[in-house]
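Let's take a friendly look at how the chains of this model touch one another. Have the sequence and the 3D view open as you read.

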Amino acid sequence: MEWLSETLSFSTRGKGLYTITGDVADVVRRWKVNTGMCFLFCPHTSASITLCESYDPQSRSDVENYFERAVPENQSWYQHIYEGPDDSPSHIRTTLSQSSMSIPIDSGKLGLGTWQGIFLFEHRSVPHNRRLSIRALKIE
Amino acid sequence: MEWLSETLSFSTRGKGLYTITGDVADVVRRWKVNTGMCFLFCPHTSASITLCESYDPQSRSDVENYFERAVPENQSWYQHIYEGPDDSPSHIRTTLSQSSMSIPIDSGKLGLGTWQGIFLFEHRSVPHNRRLSIRALKIE
Amino acid sequence: MEWLSETLSFSTRGKGLYTITGDVADVVRRWKVNTGMCFLFCPHTSASITLCESYDPQSRSDVENYFERAVPENQSWYQHIYEGPDDSPSHIRTTLSQSSMSIPIDSGKLGLGTWQGIFLFEHRSVPHNRRLSIRALKIE
């Protein structure tokens with residue numbers, strides 16, 4: 001067994017779901033993990049990660065629009081708005097999605113389903129640099 | 001340390017929470033893992049997994065009804081409805097629940113709490129076949 | 001590689017987010033894990049765990065208030081209310097947050113982001129004793 005570790009950086013252009021499936025898959029391929037487990041961790045409080053339908057961009061915009069409606073900006077009861085109207089909503093949206101996940105690696109590939117993609121979910125209106133910790137336990 | 005791997009299949013009869021605690025526990029028992037970690041991964045974009053109250057069926061139907069109300073079908077702003085009114089809602093509901101989880105194994109058993117059960121959460125109206133990847137890191 | 005295991009107990013004073021970052025970090029420090037993975041598991045159906053903004057208490061109360069509004073008590077359609085108006089809402093809120101997470105350990109420390117904290121999320125109105133399973137895979 002072997003432990004592999006890398007941190008990727010992504011530049012976002014503001015709110016939305018950014019496909020990072022290829023970036024994570026590239027790391028796993030480079031590590032030559034045939035069987036094992038891939039651990040993703042997003043060290044931010046206003047950006048998160050999620051697995052989402054990756055074929056139809058309209059599916060993604062429906063998810064984005066849902067979060068915009070379910071956790072709306074400009075609610076009178078928000079107290080934490082130092083950094084703008086997207087401040088508290090960005091933390092709440094992070095809580096409702098994921099900051100860590102574990103994906104099996106089989107036959108040298110991430111065990112994602114046919115339609116699954118890995119997405120970085122930016123919850124801030126302005127562009128940000130985001131990091132993603134990728135770890136793998138390599139069995140063989 | 002040893003790595004164990006199996007994929008289970010489940011037939012769903014449409015939307016709802018399906019108890020799979022026994023199925024996962026059976027695999028762990030068969031693997032004779034005394035101490036370790038169990039990793040579950042659901043490779044679908046319109047079905048997910050969750051840990052839920054497993055004693056009272058009414059608790060489960062309240063969770064199901066909540067998701068039906070919080071992510072309703074037939075919203076005018078949904079764009080991704082090729083496969084019916086449950087299309088985008090099923091992806092959003094997946095995002096709001098889990099696709100991966102890790103459960104400790106102690107003394108040969110899943111370390112679930114007294115009332116916790118593992119559930120496959122089907123978000124599609126029509127029956128589907130669903131897979132669940134089970135992996136275990138066996139320490140002893 | 002080494003496997004480390006401990007269960008912490010926490011007394012809550014009713015609903016809310018309780019900072020447990022220091023408690024988890026203390027365990028990891030005591031274990032002298034330099035590189036590895038930390039796995040957290042919350043074995044309850046009316047309490048969960050989440051990663052949240054840890055600097056401003058108002059950010060936390062906004063998250064708490066959001067859950068209070070998004071999953072309100074006293075809805076006529078709730079069936080599972082044996083234990084009071086917080087019964088079903090507490091299970092639904094658990095489903096919407098996390099029961100398991102995995103956090104990388106690098107250079108002897110949890111790989112949390114600058115503003116990230118680990119929180120126990122109590123969903124019950126009255127005080128409870130809650131457990132948290134901490135496991136670590138120690139690489140070095």
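This is a predicted model: local features need pLDDT of at least 70, side-chain atom pairs count only at pLDDT 80 or more; totals for chains, interfaces and linings use all residues.

To find the pair on screen, look for residues 57-70 of chain A and residues 87-96 of chain B. The two axes come within 10 Å and cross at roughly 60°. The crossing of α2(A) and α3(B) is right-handed.

## The interface of chains C and B

Now turn to chains C and B. Here 28 residues of chain C are in contact with 34 residues of chain B. An interface's size is often expressed as the accessible area lost when the parts come together. For chain C and chain B, about 2,600 Å² is buried between them, with 61% of it on carbon and sulfur atoms.

Which residues of chain C lose the most area to chain B? They are C:Trp3, C:Trp77 and C:Thr95, which together account for 26% of what that side buries.

## A salt bridge to look for

Chain C and chain B have one salt bridge between them. The partners are B:Asp106 and C:Arg135, whose closest N and O atoms are 2.8 Å apart.

Conventions
Residues are numbered from 1 along each chain as its sequence is written. Chains are lettered from A and ligands numbered from 1 in the order in which they are written. Side-chain values use heavy atoms; hydrogens and water are left out. Axes are lines fitted to C-alpha atoms, for helices over the stretch in contact, and angles run from 0 to 180 degrees between N-to-C directions. Helices (H or I, at least four residues) and strands (E, at least two) are DSSP runs, numbered from the N terminus. A crossing is left-handed if the near helix is turned anticlockwise from the far one by less than a right angle, and right-handed if clockwise. Contact means heavy atoms within 4.5 Å. Buried area is the accessible area (1.4 Å probe) that two parts lose on being put together, summed over both. A salt bridge is a side-chain nitrogen of Lys or Arg within 4 Å of a carboxyl oxygen of Asp or Glu.
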